[in-house]
Amino acid sequence: MTNTSTRLFAKSGVGGSHLWLWVMAAAVMILTGCSTTFRHAQLPQNGQARIPEIQIDPATGVSSLELSVLIYNVAGLPWPIGCGKASRTVDEYGEKIPIACNRSAALRAIGDSLGKLRRQGLEPDIVMLQEAFISAAAEIPVRAGYPNWVTGPGVSDLGLKYSGRASQNFIDERSFWKGEKLGKWQSSGLMLASNFPIKVVYKHPFNQWECAGFDCLANKGLLVAEIEVPGLPYHLRVATTHFNSRGRSGVSSERALIAHNLQLDEARDFLRTIINRDLPFIWGGDLNMRNSNDRLVYFVETSIFRINEVSAFCSAYPEDCETQFEWRSDAPWQETQDLQGWVPGNQISIMPLSMEMLFDDPVDGIMLSDHDGVFVKYRLSWPVPSNLSPVSPEIR
């Protein structure tokens with residue numbers, strides 16, 4: 001990935017490992033009504049839990065503030081899919097540490113851990129979750145003390161069946177036994193919580209048949225929110241997603257790659273319809289591209305934005321972006337499914353200041369999820385005209 005890696009930065013699944021688990025899960029979901037419906041407060045949500053400190057450089061007239069974003073695949077899977085899954089964290093003997101089989105208890109523990117960080121004044125300002133399927137996922141923002149939270153496409157928020165991008169072969173070869181003809185049994189699993197008011201939300205499901213294998217049972221898509229950060233002259237737009245998995249989808253890597261590319265195309269086209277160059281943009285999620293050069297190349301080459309990916313930036317510019325862990329290679333974006341990045345606005349620049357992993361240690365010998373949380377602090381900066389003063393926000 002030599003050529004692609006140099007372009008990844010700029011300085012400025014649903015799925016179980018074994019078929020029998022899915023068979024058991026299918027029976028459980030059919031008997032229990034399949035999917036959880038989350039009910040959050042209507043928009044706009046105007047709660048405010050923190051006021052960022054605004055700093056002004058007297059020499060340049062540039063104002064700035066700092067905020068933080070966490071992305072985390074919480075493995076909020078219906079029983080028994082989560083049972084038997086292992087994390088990528090290894091114990092002292094080199095064995096992968098399993099995740100908690102009781103996923104509801106694990107999700108509540110995640111919420112409580114975020115709440116503890118809040119009491120210390122260290123909580124992420126914005127949290128973007130993936131695989132938040134089961135009902136206990138709705139307890140995470142509540143237990144963590146977030147005044148505002150929304151979810152992505154629900155199980156019945158269906159997109160088109162397929163687009164002109166999908167080949168007839170791909171559509172014709174859908175497999176009933178791999179879950180591709182069973183409809184949507186779960187929501188997108190996307191959830192977003194914020195310390196700051198959430199003003200606008202876009203929920204966009206991927207096309208129903210442009211998926212591969214057991215991933216088709218979830219209504220994957222995009223969750224985009226416009227957030228009013230106190231003192232920032234424009235809304236901040238944030239987006240999270242969860243693309244088609246590879247091995248865990250249960251189909252060939254070739255078919256899974258086609259589905260992944262189709263979903264990337266759909267995400268790109270949708271973002272193009274809502275694009276607003278004035279709004280700074282932070283994205284992140286489970287992109288399912290770990291150690292997959294073909295997926296990474298397609299992601300970079302088809303992006304409508306210049307790719308500013310945080311791990312690439314922080315590894316290339318350690319003097320500007322502090323990391324609290326050691327890189328295992330010179331291509332850290334290949335080591336994980338979970339990536340964050342940013343696009344500056346016309347008047348607002350974004351710079352990552354630090355990156356660390358949360359939820360990367362076992363609790364009583366068990367991991368809370370098979371993913372780590374990726375926690376990034378950003379500085380957003382903008383010029384202030386000499387005849388104006390920055391907004392002086394108040395807690396509402």
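Biologist: In which sense do strand 11 and strand 13 pair, and over how many bridges?

Modeller: Some conventions come first: this is a predicted model, in which local features need pLDDT of at least 70 and side-chain atom pairs count only at pLDDT 80 or more, while totals for chains, interfaces and linings use all residues. Residues are numbered from 1 along each chain as its sequence is written, and side-chain values use heavy atoms, with hydrogens and water left out. Strands (E, at least two residues) and helices (H or I, at least four) are DSSP runs numbered from the N terminus, and two strands pair if DSSP finds at least two bridges between them. Here strand 11 (residues 281-286) and strand 13 pair in the antiparallel sense over six bridges, and Ile282 has Trp342 of strand 13 as its bridge partner.

Biologist: In what order do the five strands of the open sheet lie, and which are the edge strands?

Modeller: The order is 8-9-10-11-13, with mixed pairing; strand 8 (198-205) and strand 13 are the edge strands, each pairing on one side only. The twist averages 15 degrees from one strand to the next, where angles run from 0 to 180 degrees between N-to-C directions of axes fitted to C-alpha atoms, for helices over the stretch in contact.

Biologist: Which helix lies across strand 8, strand 9, strand 10 and strand 11?

Modeller: Helix 6 (residues 253-274) does, running at about 25 degrees to strand 9 (221-227); contact means heavy atoms within 4.5 Å.

Biologist: How many residues of strand 2 are buried?

Modeller: Buried means under 20% relative accessible area, with a 1.4 Å probe and protein chains only. Strand 2 (residues 62-76) has 13 of its 15 residues buried. Ten bridges join strand 2 to strand 15 (residues 373-383), and these two run antiparallel, with Ser68 opposite Lys377. With strand 5 (residues 126-132), by contrast, strand 2 pairs in the parallel sense over six bridges, and there Asn73 stands opposite Gln130.

Biologist: Which residues lie nearest the centre of the largest pocket?

Modeller: On a 1 Å grid over the protein atoms alone, a pocket is an open set of points with protein on both sides within 12 Å along at least five of seven lines, and lining residues have an atom within 4 Å of a point. The largest pocket is lined by 23 residues, of which Phe325, Arg328, Glu335, Met357 and Asp372 lie nearest its centre. Strand 14 gives the most to this lining, with three residues.

Key
On a 1 Å grid over the protein atoms alone, a cavity is a set of points where a 1.4 Å probe fits but cannot get out, and a pocket is an open set with protein on both sides within 12 Å along at least five of seven lines; lining residues have an atom within 4 Å of a point. Buried means under 20% relative accessible area, exposed over 50%, partly exposed in between (1.4 Å probe, protein chains only).
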